[in-house]
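Okay, thanks everyone, let's get going.

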Amino acid sequence: MRTSAPALAPIFRSDEQLRILAQLYTGPDEELSITQLANLADVAIGTASRETARLAEHGLVRTRQVGRMRMVSPNWELPWARELRAILVQTVGVLGLLSAGLGRVPSVEEAWVFGSWAARYDGEAGPFPRDIDLLVIGDPDRRQLNRALREVEKDLRVEVNPVVASPADWEQPTPASFLGQVRARPRARVPIGGVA
Amino acid sequence: MSWPRGLARVEREMITLGYLERIALNPSVVAEWINEASRHLRSATLLANDDPRLAYAACHDAIRKALTGVLAHRGLRPKGGEGAHARIIEWGTVALAADVDADTLRRS
């Protein structure tokens with residue numbers, strides 16, 4: 001069983017509940033069966049079933065009966081659904097997992113997610129992106145970087161495409177250059193070296 | 001195709017919960033389920049215009065039997081009794097996670 005983001009432990013009821021919410025609010029799936037949710041969140045089926053019922057009772061998730069199966073989805077009608085998603089994404093979701101992965105790679109100074117994922121995160125409408133564009137600032141060993149990202153990909157279930165740039169190029173990009181365009185579009189900072 | 005990560009763990013748990021049980025792998029049993037699923041699909045095609053509801057039911061049975069065949073290929077079968085069909089579909093949502101959603105599998 002995975003354990004995640006100790007800093008969040010006091011806020012959420014349990015690590016299991018945290019991972020269940022993270023799957024629903026930060027993953028690519030709109031709706032999941034209880035068994036599927038249990039698998040993705042790495043919790044027991046019984047736990048997924050009980051936690052889902054509890055979360056549904058308080059309006060944090062929605063459930064729908066399909067024949068004898070119960071399907072679960074996030075409740076975007078919740079007034080603070082976007083804020084909940086932001087907390088989950090930065091801790092146990094995309095940004096949190098990238099932060100943990102990149103934290104193990106020396107000489108990474110900064111990292112940003114850009115492209116369609118960042119645009120969605122910024123509020124632009126559209127489907128969940130099938131890959132994540134990642135800009136890494138620093139001088140990491142490419143093999144170490146790729147190995148760390150492969151691990152992150154397994155948990156995220158989407159491809160991560162890294163681009164590495166030097167701090168000097170990132171500080172002073174010409175507007176027409178690739179880095180200039182990244183700076184001009186929505187981007188989300190991956191926390192490096194701090195508290196995840 | 002490759003199996004999704006975690007499938008074996010889910011199967012172990014479904015066995016513990018009494019939803020699935022282990023069986024000896026028997027290729028002819030697997031083939032029979034898949035053949036039966038194919039027959040249902042052919043029937044659905046024949047019925048589609050005249051009796052779409054029955055054609056839909058045939059598709060549903062085809063999916064369930066195909067999944068039962070795949071389960072048998074993994075040395076598993078659903079335990080009988082109430083909810084056995086739903087267990088097969090539950091297992092299917094994990095085994096074929098990216099390719100199938102519950103609405104596709106639902107009998108209307």
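**Strands, a helix and the interface**

So, two bridges connect strand β1 (residues 32–33) of chain A to β3(A), and the two run antiparallel. When I say strands pair, I mean DSSP finds at least two bridges between them. Helices (H or I, at least four residues) and strands (E, at least two) are DSSP runs, numbered from the N terminus.

Before going on, the housekeeping: this is a predicted model, where local features need pLDDT of at least 70, side-chain atom pairs count only at pLDDT 80 or more, and totals for chains, interfaces and linings use all residues. Residues are numbered from 1 along each chain as its sequence is written, chains are lettered from A and ligands numbered from 1 in the order in which they are written, and side-chain values use heavy atoms, with hydrogens and water left out.

Back to β3(A): A:L32 has A:V72 as its bridge partner there. Strand β2 (residues 61–66) of chain A also joins β3(A), through six bridges, again antiparallel. A:V66 partners A:M69. The hairpin of β2(A) and β3(A) has two residues between the strands, and A:G67 takes a positive phi near 60°.

Why is β3(A) largely enclosed by the rest of the structure? Because five of its six residues, in the stretch 69–74, are buried; buried is under 20% relative accessible area, exposed over 50%, partly exposed in between, using a 1.4 Å probe and protein chains only.

Now helix α4 (residues 81–91) of chain A: its buried residues are A:A81, A:L84, A:R85, A:L88, A:V89 and A:T91. Their cover includes α1 (15–26), α5 (94–102) and α6 (115–121) of chain A.

On to chain B. In contact, meaning heavy atoms within 4.5 Å, are 21 residues of chain A and 19 of chain B. The buried area is about 1600 Å², with carbon and sulfur atoms giving 53%; that's accessible area (1.4 Å probe) lost on putting the two parts together, summed over both.

How many salt bridges are there between chain A and chain B? Two, a salt bridge being a side-chain nitrogen of Lys or Arg within 4 Å of a carboxyl oxygen of Asp or Glu. A:R68 forms one with B:E82, closest N and O atoms 3.7 Å apart. On the chain A side, α2 (34–41), α3 (45–57), β2, β3 and α7 (142–156) each supply at least two residues, and α2(A) gives the largest share, five residues.
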